[in-house]
Amino acid sequence: MNADRASTVVDEIHAADRGWRRMLPGGLAERALAVAIDVGQRLCDPAAIARQMPDPPRSTGRAVLFGQLDQLMPERGWAELSHDCLADAVHTVRQAEPGFLGLFGGLCEVAFAADTVSRAGTRYRRLLDSLDGPLAVSSTALGELLTAHPAGQPFRSFDVISGGAGVGAYLLCRRGDERTDAALRAILTGLVAICDERAGLPNWHTPAAAMVQDTPLARSFPDGVFNCGLAHGIPGPLALLALAESADISVPGQPDAIERVASWLLAHRADDEWGPNWPTAVSLPDPAGAAPPSYGPTHNAWCYGSPGVARSLWFAGTALRDNALRTLAVDTMTAVYARPPHARRSDHSPGLCHGVAGLLQITLRFAQDTGDAAFVRAAAELTTRLLSMFRPENPFGYVALAEGGATANDPGLLDGAAGIALALLGAATDIPPNWDRTLLLA
């Protein structure tokens, strides 16, 4: 896609101005829908799930999937199944580590699922109210911590998976309540501080002592790192700050923070022969002044790589009314589709986190935002790839593939079958995939 055409694309009507629409042609949509329903039916039996995975992920992903299926096929029992999964998730989170907020594994995960299936707040009001109280208190404390000590924090303090960006994603959904509004502003203030710099060193650097040891990232960056992944790095805070700015929720310094991080990402591109690309991470500056090395090549996926970065830059361009950023986001995705599988490095896994379903969901959002046929074609190609990975003989229809190559029968959202089915439903139906705010994609 050339720059002139991309500029035209990003000036068109955005998704906020029209309803969600099915992206796939009829026959492919029918196949995708059939597989999504099949996967949903396979995930209905908790006992069968326990036999496959003795310690399964929390049932929130299934609660959300069943809620989406209930909108598609009401009066088929999906609402009851969603309720049961949500009740189980509430029970487990209340037995877990107190005060852990994480969007994946913590209080926010359950609250997000409840909000997603609440039908715009018409259901689960008491549950959400009971969760929002303690969540607002802990979120405010986290925001104040980041504001007071913004430099050199571990990823988990500010990222999407466990930290401030993910917490803020939930609070942004709950705006309008006095408690959650105050907590959101505290989180935004903390993330603005994270996005600042001192003596030329961005605050979002993570020193070696704050990294999880004996991981590929820690071994590659023994002196510390700037994380460039949407799941764990600075694109997560950038996406949240930009989404909040576009929703007219802003704290002092927020536009400057958005511009600063976007400019830093542009300065650390790692383009290849297909076009714009980003590394997994960048090392801290060399005291001798040498250019900091980057870690790559990386996945072209949601968690790490250019698709997640492209989505955060799209939001930044929208918030700042910077058409060049949005054009770059579109060009970045065009490069993703041009890369062969060995260069894209996400085609081997079906899941949302680092696989085809996550790339499909990002593609669907760009297709909705731009109306460009290139994204619609890419969505069809990715759906076809995802359907080819369906294995009827597998208990859940899909095998989860970890980054290290290990496989598992996983019923969950981030890596497992529930997330894959949700992406297929988003492509094949007119039901808005509002659940993907949990990935900071909308």
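Helix 14 and helix 17 cross in a left-handed sense. The structure is a predicted model. Two packed helices are described by the angle between their axes and the distance between the axes.

**Helix 14 and helix 17**

- Helix 14 covers residues 306-320 and helix 17 covers residues 356-370; they pack at an angle of about 30°, and their axes lie 10 Å apart.
- Angles under 35 degrees count as roughly parallel, so helix 14 and helix 17 are roughly parallel to each other.
- On the helix 14 side, the contact is made by Pro307, Gly308, Ala310, Arg311 and Trp314. These residues meet Leu359, Ile362, Arg365, Phe366, Asp369 and Thr370 in helix 17.
- Sorted by class, the contact of helix 14 with helix 17 holds 6 nonpolar, 2 polar and 3 charged residues.

**Helix 2 and helix 4**

- Helix 2 (residues 26-42) packs with helix 4 (residues 60-72) at an angle of about 125°, and the two axes are 11 Å apart.
- Helix 2 and helix 4 are therefore oblique to each other.
- The crossing of helix 2 and helix 4 is left-handed.
- Helix 2 contributes Leu33, Ile37 and Gly40 to the contact, while helix 4 contributes Leu65, Phe66, Leu69 and Leu72.
- In the contact of helix 2 with helix 4 there are 6 nonpolar residues, 1 polar residue and no charged ones.

**Helix 18 and helix 19**

- Helix 18 spans residues 373-388 and helix 19 spans residues 417-428; their packing angle is about 140°, with the axes 11 Å apart.
- The class that follows from this angle is oblique, because angles over 145 are needed for roughly antiparallel; helix 18 and helix 19 are therefore oblique to each other.
- Helix 18 passes helix 19 in a crossing that is left-handed.
- Thr383, Leu386 and Leu387 of helix 18 are in contact with Ile420, Leu424 and Ala427 of helix 19.
- The contact of helix 18 with helix 19 is made up of 5 nonpolar residues, 1 polar residue and no charged residues.

**Empty space inside**

- Rolling a probe the size of a water molecule over the atoms shows where empty space is left.
- How many cavities of 30 Å³ or more does a search of the whole structure find? The search finds 1.
- The volume of the largest cavity is about 30 Å³.
- Which residues line the largest cavity? Its lining is formed by Gln68, Leu425, Gly426, Thr429 and Ile431.
- The lining of the largest cavity comprises 2 nonpolar and 3 polar residues, and no charged ones.

Note on methods:
Residues numbered from 1 in each chain as written. Predicted model: local features only at pLDDT ≥ 70, side-chain atom pairs only at ≥ 80, totals over all residues. Heavy atoms only, no water. 1 Å grid on protein atoms, 1.4 Å probe; cavity = no way out; pocket = protein on both sides within 12 Å on 5 of 7 lines; lining within 4 Å. Points joined across faces, edges and corners; volume = space filled by probe spheres on them. Nonpolar A, V, L, I, M, F, W, Y, C, P; charged D, E, K, R; others polar. Axes fitted to C-alpha atoms, helices over the stretch in contact; angles between N-to-C directions. Helix = DSSP H or I, 4+ residues; strand = E, 2+ residues; numbered from the N terminus. Parallel < 35°, antiparallel > 145°, perpendicular 65-115°, else oblique. Left-handed = near helix turned anticlockwise from the far one by under 90°. Contact = heavy atoms within 4.5 Å.
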